[in-house]
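Visitor: I'm new to this structure and would like a close look at one part of it. Could you pick a spot where charged side chains meet and walk me through it, then show me what lies around it?

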Amino acid sequence: MSKIKVAVIGCGSIARRRHLVEYANNDNVEIIAVCDIVESRAVEMAEKYEAQAFTQYEKVVQLAEVDVISVCLPNDLHAPVSIAALNAGKNVLCEKPMATSRKEAEEMIEAAEKNNKTLMIAHNQRFVSSHQKARQIIESGELGKIYSFRTTFGHPGPERWSIDGRNSWFFDKERAFIGALGDLGVHKSDLIRYLLGDVAEVSAFVETSAKEDTLVDDNAVAILKMESGVIGTLTASWSYVAGGDNSTVIYAENAVLRLEDDPDHSLIVQYNNGEVVKHQLDKIQTNDEGGQTNTHVIDHFIDSILNKKAPLINGEEGKKSLEVILAALEANETKKVVMINKIPVV
């Protein structure tokens, strides 16, 4: 079988630490091209992965030999570059958040459908072992009625992660559009939807309180009401200066599920009869030293193309998770509860 030929557009941290590494480790993939407006970064990655180096994405999407494109760019470029790639007949894996508006997200979905190509959004939380096990437990019905939840993603900020440090696009409102909510919160909106179904209503407080000289949010707390009626909180923060928190807790009739809430056990089930079951599963991926394990995002994406099946996080799923975050922004601005299905297409 001939290998799937891949191009990665954007050679920053997410490409270096995840996309390129995981493509290189997939036996069904050959990395053909890399692209970055900073030529030295493109050349560096091209030499490392024996690929062609480019500085203009327009040339990359037109490469006849390329089957797949990973979009690892600032948020404002996710939609236009993904659409250009889809219209050029490429399958696309786009980093999160998939777009900066509902309209952009819908245009991406339309481009994928029109060209009969695969569009996947790189949410990795659905592939975490504890999250998959928790979904199985919830679907089994053994928890009884779900009462509430809290889901949190926080760390010190992109300074230590981004290749440009404090000068990163993450802090540029024009290019990022959104801060911690888009960087971290959208992961948790995708996770809670995966575990508990779609979100119906959102209220929120969104602030810039920890970072100076930026207009993007760094602290946000949203209250979510699921379509099932379950209520809970979603927190995203770049102000957890002494470490990170990537935990989710689900409170139910018969037990409490603690996901990624303990350093040794990825999933703890505390039953109302006093029994405690501790699951020692594969650890969730982090940005810490030694935390760069396989996200399974790339493998799943490649498998979906090879087997001609829809990926777990297709464009529609990515849009629904984005809509929760857009609703939180609107709720903060208007000081009103926002109904998800009534978000204007802008």
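Guide: Let's start at D198, which counts as partly exposed because its relative accessibility is 23%. Keep in mind that this is a predicted model. The side chain of D198 meets that of K320 in a salt bridge, with 3.5 Å from N to O. D198 sits in the loop between α8 and β8 (199–207), while K320 lies in helix α10, so the pair ties together parts that are 122 residues apart in sequence. K320 is partly exposed too, at 27% relative accessibility.

A network of salt bridges links D198 and K320 with R126, D190, R193 and E317. Across the whole structure, a search turns up 20 salt bridges.

Now look at helix α8, which spans residues 180–196. The largest nonpolar core has 107 residues, and among the members that touch the most others are L181 and L195, along with Y23, I69, V202, L224 and L257. Helix α8 gives the most to this core, with nine residues. In soluble globular proteins, nonpolar side chains tend to be buried together. If you zoom in on L195 and skip its neighbours within four places in sequence, you'll find it in contact with H131, A134, R135, I138, I250 and L259. Also on view is K188, which lies over the face of F153, at 5.7 Å from the ring centre.

Next, go back to α10 (315–334), the helix that holds K320. Helix α10 is part of what covers the buried residues of α5, and that cover also includes α4 (75–87), β5 (91–94) and β6 (119–121). Helix α5 itself runs over residues 102–114, and its 13 residues reach 18 Å from first C-alpha to last, close to the 18 Å expected at 1.5 Å a residue. Its buried residues are R102, E104, A105, M108, I109, A111 and A112. Just after the helix, N116 takes a positive phi of about 55°.

For another salt bridge, find R258 and D261, whose closest N and O atoms are 3.1 Å apart. R258 is partly exposed, with a relative accessible area of 23%, and D261 counts as partly exposed at 31%.

Before you go, have a look at the aromatic rings. There are three aromatic pairs. One of them is F170 with W238: the ring centres are 6.4 Å apart and the planes stand at 80°, so the pair is edge-to-face. This pair links distant parts of the chain, 68 residues apart, with F170 in the loop between β7 (146–154) and α7 (173–176) and W238 in the loop between β10 (231–237) and β11 (248–252). Both partners are buried, F170 with a relative accessible area of 11% and W238 at 1% relative accessibility. Ring pairs also bring in W169 and F171, joining them with F170 and W238 in a cluster. And over the ring of F171 sits the charged end of R166, 4.0 Å from the ring's centre.

Methods
Residues numbered from 1 in each chain as written. Predicted model: local features only at pLDDT ≥ 70, side-chain atom pairs only at ≥ 80, totals over all residues. Heavy atoms only, no water. Core = buried A, V, L, I, M, F, W, Y, C linked by side-chain atoms within 4.5 Å. Buried < 20%, exposed > 50% of the residue type's maximum accessible area, 1.4 Å probe, protein only. Helix = DSSP H or I, 4+ residues; strand = E, 2+ residues; numbered from the N terminus. Contact = heavy atoms within 4.5 Å. Expected span 1.5 Å × (residues − 1). Phe/Tyr/Trp six-rings, centres within 6.5 Å; stacked < 30°, edge-to-face > 60°. Lys NZ or Arg CZ within 6 Å of the ring centre and 35° of its normal. Salt bridge = Lys/Arg side-chain N within 4 Å of Asp/Glu carboxyl O.
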